[in-house]
Amino acid sequence: MVNSRKKKGLKISLSLTILINLIGIYSFAQNRIPEYFEYEMLKITDSVYVFTRPMPFRVVQGNVTVIINKKDVIVVDGGGSPDAAKIIIKKIKKITSNPVRYLIITHWHGDHAFGNQEFVKEYPGIEIISSRFTRDYFVSPGLQYPVTFSQDKGFKEALDRLDNLIKEVEINKESGYEKVLENLNQKRNHDFYAIRGQYKKTIITMPTCVFEDRMTIYRGGREISLLSLGFGDTQGDVFVHLPKEKILITGDAVVNPVPYGFSSEPLEWIQTLKKASDLDADVIVPGHGKVQYNKQYLIKLIESLEAIQVKVKEAIDNGVKSEEIIDKIDLRNIETEFTQQDPVLQFYFRLYFSKPLVTTLYDKLKSSALKQ
Ligand SMILES: [Zn+2]
């Protein structure tokens, strides 16, 4: 009798353990997506907030800036996925009951624009504003990648590319490579699936309003200037400037702690950044990463780009060939400035910044030298 009661008790506690575990697994699965798209909220002034994702480069979603006016709200980049936008909207509603009237998109990249659909759903009267180039790009094949990534073939190809990168890191075994592998394997085994889930739900939602060089929205004493300053990370980059509050939102023309070097016009990008640095601003909100409370990082970026341009030009003059340039150019000092020798940051500095930048600079400088 005692034994059977004991057995019964054991059975009950076992099923309880299984049930608790199942609930645990279930809630972990339920929580996974929100956790992936969770943001840190930063109060810049009483009525300007910035939402950022932790770096470096896990489930990349652009920074979101929320400007609260007396009767409405203006958002700059509404999150890079439907779930991210839902989280942002919830957070905005906790701060204010004012409706979002304008959603400004700094450029066409999905990590800044794939949350649009949720804003339209929640705020039917909303206008989505971008540069003309950005809106035109929304209907181009360039924005097919959510569809490609959602399909098995495209997803497998993306996984294969990442696997090749992982293999390279394993073979090279540079100092601290284990940390890089950890980051890449997280991406490989978790982030990619989370992103794919979002892409499957994404409905490309076009801007409804475009401008050419400049547009200004007035709200009481507040001025919100939208500026096309030239080629940045893309041809259609928009900077948003709040002159009274001295806040400048840059999109991916500025990314922290490691910049993006994907611009197809890096020489013009330097000029664009110089125009941006002439604007009166104490707070700089980059496209990704930490908000900056002075212009130091922006100036460091401009100076580094100029130094790299000089080095590439010298290499061309010395007869360095296109296929040798990445190995021959010495960017160690500049790299350390940005990465402080953190192995993961070093990895992304090379992958996202120096390699694409140096390659494009080489081609641009070489072809302009040939024309002379
Ligand atoms: Zn971005």
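Predicted model: local features only at pLDDT ≥ 70, side-chain atom pairs only at ≥ 80, totals over all residues.

What follows covers a sheet, one serine within it and a helix.

Start with an open sheet of seven strands, where the pairing is mixed and the order is E1-E2-E3-E4-E5-E6-E7. The edges belong to strand E1 (40–45) and strand E7 (209–211); each has a single partner strand, so one side of each is left without a neighbour in the sheet. On average, neighbouring strands here are turned by 20° against each other, direction ignored.

Strands of a sheet pair through backbone hydrogen bonds, and they can do so parallel or antiparallel. Both turn up here. E1 pairs with strand E2 (residues 48–52) in the antiparallel sense, over five bridges, and the two form a hairpin with two residues between them. For the parallel case, look at strand E4 (residues 73–76) and strand E5 (residues 100–104), joined by four bridges. There, Val 76 stands opposite Ile 104 in E5.

## Ser 131

Now find Ser 131, which sits in strand E6 (residues 127–131). Is Ser 131 buried or exposed? It counts as buried, because it has 26 C-beta neighbours inside 10 Å and the cut-off for buried is 20 or more.

Leaving out residues up to four places away in sequence, Ser 131 touches Val 210, Phe 211, Ser 228, Gly 236 and Val 238. Thr 106 is 25 residues from Ser 131 in sequence, with 8.0 Å between their C-alpha atoms.

## Helix H10

Next up is helix H10 (residues 296–317), with 22 residues. From first C-alpha to last, H10 reaches 32 Å, close to the 32 Å expected at 1.5 Å a residue. After H10 comes Gly 319, with a positive phi near 85°.

Which residues of H10 are buried? They are Tyr 297, Leu 298, Leu 301, Ile 302, Ser 304, Leu 305, Ile 308, Val 312 and Ala 315. These cover an arc of only 165° around the axis, so they lie on the same side of H10. As background, an α-helix has 3.6 residues a turn, so residues three or four places apart point the same way.

The cover over the buried residues of H10 includes strand E11 (247–255), helix H9 (266–278), strand E12 (283–288), helix H11 (325–328), helix H12 (332–339) and helix H13 (343–371).

Notes. Residues numbered from 1 in each chain as written. Pairing = 2+ DSSP bridges. Axes fitted to C-alpha atoms, helices over the stretch in contact; angles between N-to-C directions. Buried ≥ 20, exposed ≤ 12 C-beta atoms within 10 Å, placed from the backbone. Contact = placed C-beta atoms within 7 Å. Expected span 1.5 Å × (residues − 1). Arc of directions from axis to C-beta.
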